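Dear colleague,

I am handing over the structure that we talked about, and my notes on what was found in it follow below. Please keep the two side by side while you read.

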Amino acid sequence: MKIAIASGKGGTGKTTLAVNLASYIAEEKRNLNVQEVVLVDMDVEEPNSGLFIKGELKKTEIKYRMVPEWIESKCTFCKKCANVCNFNALAYIGVSVLIFPELCHSCYACSELCPEDALPMKADRMGELRQYIIKNGLHFIESRLDIGIEQAVPLIKQTHEFIDSEFDETAFKIIDSPPGTSCPVIETVKDAELVVLVTEPTPFGLNDLKLAVDTMKELDKKCAVIVNRDGIGNDDVDKYCAENNIPLIGKIPHMHEAAKLYSQGNLLIDDIDEIRDVIKDIYSNIKKLVKG
Amino acid sequence: MKEIVVISGKGGTGKTSITASLAVLGDKDVVLADCDVDAADMHLLLNPDFAHKEKFYSGKIAEIIQDDCIKCGKCKDVCRFDAVPVINEQYVIDELNCEGCEYCAYVCPTNAIVMNDNLAGDFFISETRLNNTLVHAKLAIAADNSGKLVTKVRTEAKKIAEENDIPYLIVDGSPGIGCPVVASVTGSNLVVIVTEPTVSGLHDMSRVAELIRKFGIKSVCLINKADINADITIQIKKFLDKYEIPLIAEIPYDLVFADAILAGKTVVEYSNGEVSQIIRDSWKRILEIVRE
């Protein structure tokens, strides 16, 4: 089972929900009859889940993407490569070919259409994937984009491939998604059975929730909503969910104590019973939705 | 004209509320650009009139003309993005996966593949209720190319500021460290980083500050919710010292941010309290620094 935790607006509590829900399921694994629990941080630009759960590092993999390399001695300056590149990642300056790796989408067109094999593809580092085992038995995987690399999608794609090869269908996989509605989010939620959208009860939260719901509809994804910091705003999110038949599966109350625990990098379920109960209900609601 | 970009790395730090407040304080001297294109919220506070609307196309999407297709499968073989599934014995393009590289079209022996313009989103030029100009956008549902849309918003806003001799352009930047944020900050005069003293806030701020340093852009920092964790506030200050980033303000935790959003106002209009005074002082400091 794969569920994604996403949100239109940033800072609504995606990571808070992901780490607390994953830790809760891992701790209660036996009672809940769950085999393995896996938490994956796909917010590769700003991965934060790892700040809340500490464990033993099991594996590190450097992740690469492929970009062309110019072999001057083979080049006949036919300019085919620059003509076929739709991303302006290749340019002719005088008698040399300049490659801009940050613009390259790794489509291979320049490389494979070059009549002289003068542009072989080579591996270029984009980030790192780390796998941890947490004390409560939780498996945690985090991918981290190198600073200066602009495209998150290839790293997200490779992280999905890693999870699919390491864990089978029986594992309960929770994916912490990047914020927003653009390409990294779409890549992240692609094969999720349910997308849980975390929002806050303010006009900003509602506006961005609507954008996220529209995106998930376009992708044909089943979604559910969780309101975080319940109590700071109004009930417009409730009304919106009711009118649009989107299940509202939990409300995490606004508490100063929770904000403080979060700021220190601590789990809320360890110290606030009220929130542990909310997480418990959220888990059973998710189970119902995924089965149904 | 000086361009000031407000970013945060992490969402939910109060970036948009602070940006909109700076716009109120700058009044007629300011043109605004909302570059947080996949979760644009500024319009909720500033009531723009959406006077000018246009579609923004960027990049291409492939389409297979079935009548011309001989089902040789070459397009599928070369595609690195799994964008050519076979459905009902027909080769078709999965628009969500297609990167627009055009490699398939180059290898098609019957020229059965055409490249269409890709709709990236809607783009608006508005007058706000404050009677200044806001350039903003809405990313098309499940669209790619948010970086290109960000560049479009910034370029148009810059043009308006220059043509009308308006001294400042304030940009609400995108989250993360990938292409939309790079598109938001490249070539600007000052980056204002809004952060919060939480483990996530510190982590995300340090990554985004590293990125800004790579670009060699002057930056300043503003800590919101500064009193929720004194230890991390100290760690943020140490980081800022090391990177020689001036700290221009510490705003205490205050629900006035949420209350102002609920009232549809900016913080400085909604209240005359401590937070508003700090934001006013910050605007003065920002102007001093950007004029240096």
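In chain B, the C-alpha centres of domain 1 and domain 2 lie 41 Å apart, where domain 1 covers 2–47 + 128–291 and domain 2 covers 58–119, with bounds that come from an automatic or database domain assignment. This is a predicted model, in which local features need pLDDT of at least 70 and side-chain atom pairs count only at pLDDT 80 or more, while totals for chains, interfaces and linings use all residues. Residues are numbered from 1 along each chain as its sequence is written, chains are lettered from A and ligands numbered from 1 in the order in which they are written, and side-chain values use heavy atoms, leaving out hydrogens and water.

Six residues of domain 1 of chain B are in contact with six of domain 2 of chain B, contact being heavy atoms within 4.5 Å. The area buried between these two domains of chain B is about 380 Å², with 42% of it given by carbon and sulfur atoms; buried area is the accessible area (1.4 Å probe) that two parts lose on being put together, summed over both. Across this interface of chain B the rule finds zero salt bridges, a salt bridge being a side-chain nitrogen of Lys or Arg within 4 Å of a carboxyl oxygen of Asp or Glu.

Turning to rings, the structure holds nine aromatic pairs over all chains, where rings of Phe, Tyr and Trp (its six-membered ring) pair if their centres lie within 6.5 Å, and planes under 30 degrees apart count as stacked, over 60 as edge-to-face and the rest as tilted. Phe52(A) and Tyr262(A) have ring centres 5.3 Å apart and planes at 25°, so this pair is stacked.

Best wishes
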